[in-house]
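Welcome! Please open the structure in your viewer and get ready to click along as we go from stop to stop.

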Amino acid sequence: MNSIKLFIAENNYLFKQGLRKVFEETPNIDVVGECATGETLATDIHKIEPDALIINYATADFSVGDVLAVMKSSPAVKVIGITSECKVDQIKQLVKSGISGHLMNDCDHDEIVDSILCSAKGERFFCGKIL
């Protein structure tokens, strides 16, 4: 299996570093980029061309609109949302738009890793707290 190129979009430094650590310890997943605001997200994704994006879109620095913009401009990128709250209307909108998966911030290690591995295979992944 080729390594999965992953981009992390998270505005919280500590949480971003935690995600980076999880993925650096996971075989076949390489973190190839990260950002802390939506201002350059679509441009960064277009330049770096990752296989997958994990994004906390429920912050002051990212939005559902950022997710939709990436899905439109880079349709090959598998997008996984990760948030602290389960807002049903937002998740429904993203599912209808083709998001590859969704997690909650308090999901366990295996669910976080599985979300990337499954999405890279073309499968959708939703943690047990979403479904």
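## A tour around Asn-56 and beyond

Start by selecting Asn-56 and showing its surroundings: leaving out residues up to four places away in sequence, Asn-56 touches Ala-9, Glu-10, Phe-62, Ile-82, Thr-83 and Asn-105. Keep in mind throughout that this is a predicted model.

Where along the chain are you? Asn-56 sits in the loop between strand 3 (52-55) and helix 3 (64-73). Is Asn-56 buried or exposed? Its relative accessibility is 5%, and buried means under 20%, so Asn-56 counts as buried.

**Next stop: the core.** Select Phe-23, Leu-41, Leu-53, Ile-54, Ile-55, Val-79 and Leu-103. These are the residues with the most contacts inside the largest nonpolar core, which has 41 residues. Strand 1 (residues 4-9) gives the largest share of this core, five residues. As background, nonpolar side chains tend to be buried together in soluble globular proteins.

Stay a moment with Val-79 and colour its partners. Apart from neighbours within four places in sequence, Val-79 is in contact with Leu-53, Ile-55, Val-67, Val-70, Met-71, Ile-99, Ser-100 and Gly-101.

**Next stop: two helices.** Select helix 1 (residues 13-24) together with helix 5 (residues 109-120). At what angle do helix 1 and helix 5 pack? The angle is about 75°, and their axes are 11 Å apart. Helix 1 and helix 5 are therefore roughly perpendicular to each other. To see the contact itself, show Leu-19, Val-22 and Phe-23 on helix 1, and His-109, Ile-112, Val-113 and Ile-116 on helix 5. Of the residues in this contact, six are nonpolar, one is polar and none is charged.

**Last stop: two loop residues with positive phi.** Most residues other than glycine have a negative phi. Select Asn-28, in the loop between helix 1 and strand 2 (29-35). Asn-28 is not a glycine, yet its phi is positive, near 70°. With a relative accessible area of 32%, Asn-28 is partly exposed.

Then move to Glu-49, in the loop between helix 2 (41-48) and strand 3. Glu-49 is not a glycine either, and its phi is positive at about 55°. Its relative accessible area is 53%, and Glu-49 is exposed.

Terms used: Residues are numbered from 1 along each chain as its sequence is written. This is a predicted model: local features need pLDDT of at least 70, side-chain atom pairs count only at pLDDT 80 or more; totals for chains, interfaces and linings use all residues. Side-chain values use heavy atoms; hydrogens and water are left out. Helices (H or I, at least four residues) and strands (E, at least two) are DSSP runs, numbered from the N terminus. Buried means under 20% relative accessible area, exposed over 50%, partly exposed in between (1.4 Å probe, protein chains only). Contact means heavy atoms within 4.5 Å. A nonpolar core is a set of buried Ala, Val, Leu, Ile, Met, Phe, Trp, Tyr and Cys residues joined through side-chain atoms within 4.5 Å. Axes are lines fitted to C-alpha atoms, for helices over the stretch in contact, and angles run from 0 to 180 degrees between N-to-C directions. Angles under 35 degrees count as roughly parallel, over 145 as roughly antiparallel, 65 to 115 as roughly perpendicular and the rest as oblique. Ala, Val, Leu, Ile, Met, Phe, Trp, Tyr, Cys and Pro count as nonpolar, Asp, Glu, Lys and Arg as charged, and the others, Gly among them, as polar.
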